[in-house]
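This report looks at how side chains pack in one protein model and where open space is left.

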Amino acid sequence: MTSVALRRATATDAGAAADVWLRSFEAALPTVVRPRTDDEVRAYFREVVVPLRDTWVAEAAGRVVGLMVLDGGHLSQLYLDPAWRGRGIGDRFVELAKRHSPDGLDLWTFQVNKPAHRFYERHGFVAVEHTDGSGNEEREPDVRYLWHPGAPQPS
């Protein structure tokens, strides 16, 4: 089995991280319309996400296979290459996020992304708000999740 290392992203990871995001988004959210082109997503990762955000990558066999972006107590992105799902990488990213935000975390995910709901709920996140999507670029109904330390954890 190939080992996977979690580490902070560097400038040279921006393109690979954007490509993971694009593949993951397409696989997990085929019905959600992206408001940005592939090139715009890559530029955003290169100019904003990697240099200005607390961005982490999962690396295996010399390539980026996952990414997570934290913004204080906000888990703003967690995406895995579809071929690398189900290997515990997402679990490791969430544990890392909890260590970096021990007072709690929040995140948004689309309502159609039921696998993400199950994943986050398994990690103790609770849905606290549902919207009609008018507040996001995709105009897709979403749900806000919260995690607080000390809250009862699912077994």
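## Main core

The model is predicted. Its largest nonpolar core comprises 25 residues. Met68, Leu75, Leu78, Ile89, Phe93, Tyr120 and Phe125 have the most contacts inside this core. Two or more core residues come from each of strand 2 (54–60), strand 3 (63–71), strand 4 (74–80), helix 3 (89–100), strand 5 (105–110), helix 4 (114–122) and strand 7 (142–147). Helix 3 contributes the most, with 5 residues.

In general, nonpolar side chains of soluble globular proteins tend to be buried together.

Setting aside neighbours within four places in sequence, Phe125 is in contact with Val94, Lys98, Leu105, Leu107, Tyr120, Tyr145, Leu146 and Trp147.

## Largest pocket

The largest pocket holds about 1,300 Å³ of space. Its lining consists of 48 residues, and these divide into 24 nonpolar, 11 polar and 13 charged. Trp21, Ser76, Gln77, Leu78 and Tyr79 are the lining residues that lie nearest the centre of the pocket.

At least two lining residues are supplied by each of helix 1 (14–28), helix 2 (38–52), strand 3, strand 4, helix 3, strand 5 and helix 4. Strand 4 provides the largest share, 7 residues.

How values were computed: Residues are numbered from 1 along each chain as its sequence is written. This is a predicted model: local features need pLDDT of at least 70, side-chain atom pairs count only at pLDDT 80 or more; totals for chains, interfaces and linings use all residues. Side-chain values use heavy atoms; hydrogens and water are left out. A nonpolar core is a set of buried Ala, Val, Leu, Ile, Met, Phe, Trp, Tyr and Cys residues joined through side-chain atoms within 4.5 Å. Buried means under 20% relative accessible area, exposed over 50%, partly exposed in between (1.4 Å probe, protein chains only). Helices (H or I, at least four residues) and strands (E, at least two) are DSSP runs, numbered from the N terminus. Contact means heavy atoms within 4.5 Å. On a 1 Å grid over the protein atoms alone, a cavity is a set of points where a 1.4 Å probe fits but cannot get out, and a pocket is an open set with protein on both sides within 12 Å along at least five of seven lines; lining residues have an atom within 4 Å of a point. Grid points are joined across faces, edges and corners, and a volume is the space filled by probe spheres set on the points. Ala, Val, Leu, Ile, Met, Phe, Trp, Tyr, Cys and Pro count as nonpolar, Asp, Glu, Lys and Arg as charged, and the others, Gly among them, as polar.
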